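Here are a few exercises to work through with the model open in your viewer. Try each task before you read its solution.

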Amino acid sequence: MSASHRTGVRPEPGPGTATLTVRVSGELDDACGAELIAVVVAHLTGPTPPRAVRLDFRDLAGIDPLGLAALLMVRRHSCAARAVLHLDNRPRVLERLLRQTNVLEHLTAAGAGAERSGPGG
């Protein structure tokens, strides 16, 4: 795997804010997905849980079915904690998978507290 496609999850809690931003890079697969879930859950169950969780996909290279399952688990935990989930900067590969699997609306529905931001509508 080249350095440009390094897989990882990097939490970036907003200083002085109630928002957790997590940058997801490389391939969102079983290992990266497990790390993503662990990071989000740790923050949601911490002493000062965030009111919003922003997943930033600007450096996402690809996603497999287990990565998709991780996103669904993040949504479940976010909703249980009453945190708003945002899926930011979704690349085409993620957008296509979310549409093909019919989970785009589930993850981004207003009732789920999620929204889309980024280029391409």
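Contact here means heavy atoms within 4.5 Å. This is a predicted model, where local features need pLDDT of at least 70, side-chain atom pairs count only at pLDDT 80 or more, and totals for chains, interfaces and linings use all residues. Residues are numbered from 1 along each chain as its sequence is written, and side-chain values use heavy atoms, with hydrogens and water left out.

**Exercise 1. Find what aspartate 29 touches, leaving aside its neighbours within four places in sequence.**

Step 1: locate the residue. Aspartate 29 sits in the loop between S2 and H1; helices (H or I, at least four residues) and strands (E, at least two) are DSSP runs, numbered from the N terminus.

Step 2: list the partners. With those neighbours set aside, aspartate 29 is in contact with Asp64, Leu66 and Gly67.

Step 3: check a backbone distance. The C-alpha atoms of aspartate 29 and proline 65 are separated by 7.4 Å, though the two residues are 36 residues apart along the chain.

Step 4: look for polar contacts, meaning pairs of N or O atoms within 3.5 Å (within protein, one must be able to donate a hydrogen and the other to accept it, and residues adjacent in sequence count only if both atoms are side-chain atoms). The aspartate 29 side chain reaches the backbone nitrogen of alanine 31 at 3.3 Å and that of cysteine 32 at 3.0 Å.

Step 5: check accessibility. Buried means under 20% relative accessible area, exposed over 50%, and partly exposed in between (1.4 Å probe, protein chains only). Aspartate 29 has 22%, so it is partly exposed.

**Exercise 2. Trace how S2, S3 and S4 are joined.**

Step 1: take S2 (residues 19-28) and S3 (residues 52-63). They run parallel, with 9 bridges between them; two strands pair if DSSP finds at least two bridges. For leucine 28, the bridge partner in S3 is isoleucine 63.

Step 2: follow the chain. It goes from S2 through helix H1 (residues 30-44) to S3 in a right-handed β-α-β crossover. Right-handed means that, with the strands pointing away from the viewer, the path from the first strand over the helix to the second runs clockwise.

Step 3: move on to S4 (residues 84-88), which is parallel to S3 and joined to it by 5 bridges. Leucine 55 has leucine 87 as its bridge partner in S4. Here too the β-α-β unit, made of S3, helix H2 (residues 65-80) and S4, is right-handed.

**Exercise 3. Work out which residues of H2 are buried and which are exposed.**

Step 1: check the helix length. The expected span is 1.5 Å times one less than the number of residues. For the 16 residues of H2 that should be 22 Å, and the end C-alpha atoms are 23 Å apart, which agrees.

Step 2: pick out the buried residues. They are Gly67, Leu68, Ala70, Leu71, Val74, Arg75 and Ser78.

Step 3: ask what the buried residues pack against. The list is S2, H1, S3, S4, helix H3 (92-100) and helix H4 (104-108).

Step 4: zoom in on serine 78. Its relative accessibility is 0%, so serine 78 counts as buried. Beyond its neighbours within four places in sequence, serine 78 is in contact with Val40, Leu44, Val53, Ala83 and Leu85.
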